[in-house]
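Here is a brief report on a two-chain model.

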Amino acid sequence: MIANAYELIVYILTLFRVYEPLLNVFQALGAEYVLRIIIVLVEIAVLFVFVLLTVMFLTWMERKVVAMVQSRYGPMVTGPRGLLQPVMDGVKLIGKEDIIPAKADRWIFTLAPFIVFIPALLVFIPLPFGESLIISDLRVGLLYIIAISAISPIAILLAGWASNNKYSLMGAMRAVAQDISYTIPLALAAIAVVLLTGSLSMVDIVNAQGGAWFGVIPQWFIFIQPLGFILFLIASIAEMGRIPFDFQESESELVAGFFTEYSGMKFAMFFLAEYAHLFAVSGIVVTLFLGGWTGPVLPFIPVQITSLVYFLIKTYAVIFFAMWLRDTVPRVRIDQLLNLGWKIMVPLALLNLLVTGFLVTAGVMV
Amino acid sequence: MIDIVFLVISIATIFSSIMVVRSKKLVHSAVYLAGTFIGTAGLFILLKAEFLAWVQVLVYVGAVVTLILFTIMLTRKGEEE
């Protein structure tokens, strides 16, 4: 049983008879930990490249889905079906002048895009992409994810404040108000899943959904927790700040919200963080409610590969849903958004938690 | 190895907690305060208290610093300089 990506790399190296000689070389130098650090760096590099490629693909996919809904073609010129469009966009953004407004707080203005991007990347650490394809199976994985996501509002506030622009500040205020009010139903819906599993570890949560009722219906938590799933999905779309909840950048009112003043590479960082967050949150929805990487085991193919494919299919289904929603539904008003959050979703999430807790204690569930 | 990590984290934590007091602008102080809390969470991780560490990040960095930033931004700008 291979527990995480580190052990998987060691396993593959051993399979090709490379690990032992390498280990011997480093042991002879008396620096065994250097090899460990190198393997961890390889993991991080793979994750980073994966996230970058995913973000590029997602920007292309978003434009294609919008085009599909609006009966257009979308990007078609660069590469087959416009697949290289994100590369051109990236080159354009790198080539842009990096403007810092005269009255901006230079230090925080420069720091904010990085503080936005780092949590978006850190969230991937306890996310199981497949059987043993996880950077680290933290014992408190879910808590870690919620805690790390709580850092991004600070960065948004800083970005909005440092720009010294009224639209930026208003966008940031709205973004944070929304983030804070929707984190509560998000966390409460996730806690119901934790009650069912009895563990905060993401791998345990996936394993708890491995079986099937009557051999046909998969034991995903979406069937036990339908209300929790809906609440979690709405709250996570609101947390991502996408239409119908995109108050932080509602173009018709706030120019571009908290990143109005950003250009060039710093703007690209916000963009990158936004799409990395979209993928991460969809992955979390899949892990908590849609069975994660579980699926029928196929003969002759390593379970790591099939589970990765199942995970990606489910995640892209959730992402497609978010994009579809964006193209179909108009933006709600800010008072409607806060009413929905505090008056409907928080009580419903509490009710869901209460019923789940009662049923778990009574021994009906689990 | 652990000793080096401990030294790095504690120096960063102490530095940022000094900067909380010494910064000229309140917002900078708040950023350093977030750094201090994250450093403390790092120390908790070194002590193998993962749960405490992430609760520290969630409550202090996520809620307290956000609250402080909100307060700073919604109140009148002080007479700087």
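## Nonpolar core

The largest nonpolar core holds 107 residues. Such a core is a set of buried Ala, Val, Leu, Ile, Met, Phe, Trp, Tyr and Cys residues joined through C-beta atoms within 7 Å. Buried means 20 or more other C-beta atoms within 10 Å of the residue's own. A:Val116, A:Ile154, A:Leu158, A:Ala159, A:Ala172, A:Phe232 and A:Val285 touch the most other members. Helix 13 (residues 264-289) of chain A gives the largest share, 16 residues. Helices are DSSP runs (H or I, at least four residues), numbered from the N terminus.

Beyond its neighbours within four places in sequence, A:Val285 is in contact with A:Phe232, A:Leu233, A:Ser236, A:Leu290 and A:Val318. Contact means C-beta atoms, placed from the backbone, within 7 Å.

## Model and numbering

This is a predicted model: local features need pLDDT of at least 70, side-chain atom pairs count only at pLDDT 80 or more, and totals for chains, interfaces and linings use all residues. Residues are numbered from 1 along each chain as its sequence is written, while chains are lettered from A and ligands numbered from 1 in the order written.

## Chain contact

Chain A puts 18 residues into the contact and chain B 15. On the chain B side, helix 3 gives the most, 11 residues.

Helix 7 (residues 152-162) of chain A packs on helix 3 (residues 50-74) of chain B at about 20°, axes 9 Å apart. The two helices are therefore roughly parallel (angles under 35 degrees). Helix 7 of chain A contributes A:Pro153, A:Ile154, A:Leu157 and A:Trp161. Helix 3 of chain B contributes B:Val61, B:Val65, B:Thr66, B:Leu69 and B:Met73.

Key: Axes are lines fitted to C-alpha atoms, for helices over the stretch in contact, and angles run from 0 to 180 degrees between N-to-C directions. Angles under 35 degrees count as roughly parallel, over 145 as roughly antiparallel, 65 to 115 as roughly perpendicular and the rest as oblique. Two residues are in contact if their C-beta atoms, placed from the backbone, lie within 7 Å. A residue is buried if 20 or more other C-beta atoms lie within 10 Å of its own, exposed if 12 or fewer, and partly exposed in between; C-beta atoms are placed from the backbone.
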